[in-house]
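The entries follow in the order in which I made them.

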Amino acid sequence: MNLKSLSRVVAGLTLTFAIFVAVVAQTSSRPSPSVERLRAHINYLASDKLEGRRTGSEGANLAAEYIAKEFARYGLQRSIGYDTPGMSVLEADSPNRYLQKFPYVAGVELGKDNFLAFKENDRQSPTALRVGDDWMPLGFTAQGSSKQTPAIFVGYGITASELNHDDYAQAKIKGRIAIAFSGTPDGDNPHGQFGRYEDPRWKAIAARNAGAAGLVLIAHETNFKDDRLARLRYDNSGGEAGMPVLAISRAAAAQLFETDAAGLNQIEKSGVINKNPGTLPEDSPWPRIDFSIDVAHREAPAANVVGIVNGFDPVLKNEFIVIGAHYDHLGRGGEGSLAPREGEIHHGADDNASGTAGLLELARIFASSDSPRPRRTLIFIAFSGEEEGLLGSDFYVNHPLRPLENTVAMINMDMIGRMKDNKLIVGGVGTAQGWRQVIDASAKFWGIGVTPNVDSYGATLPGNLTAKASQTATTPLDTVRAFNFTLQEDGYGPSDHSSFYAKKIPVLFVWTGTHEDYHKPSDTADKINYEDETHVVSFVERLIQNIDAAAVRPIYTVAKSESQGRSMGFRVYLGTIPNYADNGDGLVLDGVRDDSPAAKAGIKAGDRIVKLAGREVHNVYDYTYALGEMKAGQEYEVELLRDGKQLKLKITPAARK
Ligand SMILES: [Zn+2]
């Protein structure tokens, strides 16, 4: 008997005879989560070597390899079969067979054919600008070229109906290129009324809606290379802008306006160009622009790591419980980072090396020959692409390695390493009948090896879980609540369980809450509360056991929604669940909330919205933009594609509470 693990198991409990008996039973057989192993996993995954595990990066690949090798060591079944297309003979027994690869655009880079020149009038020869030094395409630009396109100044390029602000109201913009300052009339005030309109995505939509042929944004920083617009980057969830979008340096803009730095500042402040006082911009002789934009998408390998523990019951082994945690993080910052500066490694120890380490411990425990075999089949998945918009889990539910209709539950661990005051949050409680009882039963301390005697779903539990378990007591040992719970109903949330819930699979989401190091380089391994993480992992282990012990699978229910989108500051609510991973034209919905305006309108999961409230919808940004213009209680038209057919429905947004 191992004294160290004994003391860990009984920590925090009144030592009674009954506990002692059970602990003996446990230590003689089933392994338990270990502080040392969790620490080793998190130390490696959150190390500088892995550089923040950004999807598609070398660091993420190293993490995937590590997880796959651990799966192999524990004896998990490889999830990718010999017959998988593209599998070479050499790969057949390699850890690669744990990898479910999915397509991923790691970034964008300049192609060979980038050119930008302008001339103020017909007498001049064109001024050519150097890409990288004077101008840069934006990552979400469309490709294309144009000659002698007239340009027009549009202030900040903002259309905000609720603020009665429209920079395009006076401009004859049709077929012209809009030139706008980046930022907003709020200046440096981050809490100003124009808040979200600063996003170049929104400006591009405003320009496109107004009929512009393209958008040129003037950099904010004096030194162009310091400007965030000068960094060519790509986000995987937004799609293309549908027209050319590029940034130019302030020096180039001054040249374009035939002024100097001070003159440009004056134009920015006043929103007026003084070179032809008394005339509206569109009447002025405006420059013409020649350009060619060539931006190449750089594909990179990305993969979920999937290992399987087969169930032993001849019938129930065809039911699957997915246990998931994402292993990717933010790399050196960029999209999603809350760090003030860029370039530092975001270690992601809590987010989500902690969940990945928990996943590995659970895989080790359930695969161990000292543990009773589960009756149902367990699928352990370390997801990638989570931080970019649940890309890996979205790919899995659309390319499942075992049938989704027999996937009876998904349990997600994301950020389980910073427990404070025993606080544990469990989401998804409303997604299956009896989830509360399962949580309750799992929260009570069970000597492992004791048959859980609560049948979660109201059916009769068979007499014994396994031969091994039946040899020990069947009484719960203690009713000490290990945790101070916060239970949340909703099955949608900011992590991979959302992808499964959207497919009507009951989910549970376990996490220890957010903290000041969230999405910052300072989320490091030394700040993890390892002792308490072992308790969280034990709790998830009991959740799995309790789900597995029940005679019938969890019954999916529609959860009450917690209001979403409040952070976006919208006044209206539709109740749609957008899919952020789809890159096609339009906006695909993962789901529609019950009783919501969208449900009442007859909108369904899988619908692709192409037009909303008179606005074309090419991507999630267009959709959000249209939403921002809508008013509660007013009827709008929504146009969508369903099974290849175009449909027009009426929707009346509700006021957001
Ligand atoms: Zn995160």
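I began with the aromatic rings, where Phe153, Tyr156, Phe181 and Phe257 form one aromatic cluster. For this I took rings of Phe, Tyr and Trp (its six-membered ring) as paired if their centres lie within 6.5 Å, calling planes under 30 degrees apart stacked, over 60 edge-to-face and the rest tilted.

I noted the conditions before going on: this is a predicted model, in which local features need pLDDT of at least 70 and side-chain atom pairs count only at pLDDT 80 or more, while totals for chains, interfaces and linings use all residues. Residues are numbered from 1 along each chain as its sequence is written, and side-chain values use heavy atoms, with hydrogens and water left out.

**Aromatic pairs and charges over rings**

Searching the whole structure, I found 16 aromatic pairs. I looked up Phe483 and Phe539, whose ring centres are 5.6 Å apart with planes at 70 degrees, so this pair is edge-to-face. Phe483 lies in the loop between α11 (467-470) and β20 and Phe539 in helix α13, so the pair ties together parts that are 56 residues apart in sequence; helices (H or I, at least four residues) and strands (E, at least two) are DSSP runs, numbered from the N terminus. Both Phe483 and Phe539 are buried, where buried means under 20% relative accessible area, exposed over 50% and partly exposed in between (1.4 Å probe, protein chains only).

I then looked for charges over rings, counting NZ of Lys or CZ of Arg within 6 Å of the ring centre and within 35 degrees of the ring normal. Arg30 lies over the face of Phe366, at 4.9 Å from the ring centre, and the charged end of Arg39 sits over the ring of Tyr530, 4.5 Å from its centre.

**The zinc ion**

Which residues coordinate the zinc ion? I found Asp351 (OD), Glu387 (OE), Glu387 (OE) and His519 (NE2), at 1.9 to 2.5 Å; donors are N, O and S atoms within 2.8 Å of the metal (3.2 Å for Na, K and Ca), and since water is not among the atoms, sites may look incomplete. Along the chain the donors have the spacing D-x35-E-x131-H. Glu387, in the loop between β17 (377-383) and α9 (391-398), and His519, in the loop between β21 (507-511) and α13 (530-549), are 132 residues apart and link distant parts of the chain. Glu387 is buried at 17% relative accessible area, and His519 is buried at 7%.

**Backbone**

I recorded a cis peptide bond between Asp351 and Asn352, with omega about -5 degrees, and placed Asn352 in helix α8 (residues 349-367). Gln148, not a glycine, has a positive phi of about 55 degrees; I located Gln148 in strand β7 (residues 144-153), partly exposed at 33% relative accessibility.

**Helix α7**

Where do the buried residues of α7 fall, seen down the helix axis? Gly263, Leu264, Ile267 and Glu268 are buried, and they fall within an arc of 140 degrees, so they line one face of the helix; the arc is that of the directions from the helix axis to the C-beta atoms. On the other side of α7, I found Ala262 and Lys269 exposed. After α7 comes Gly271, with a positive phi near 75 degrees.
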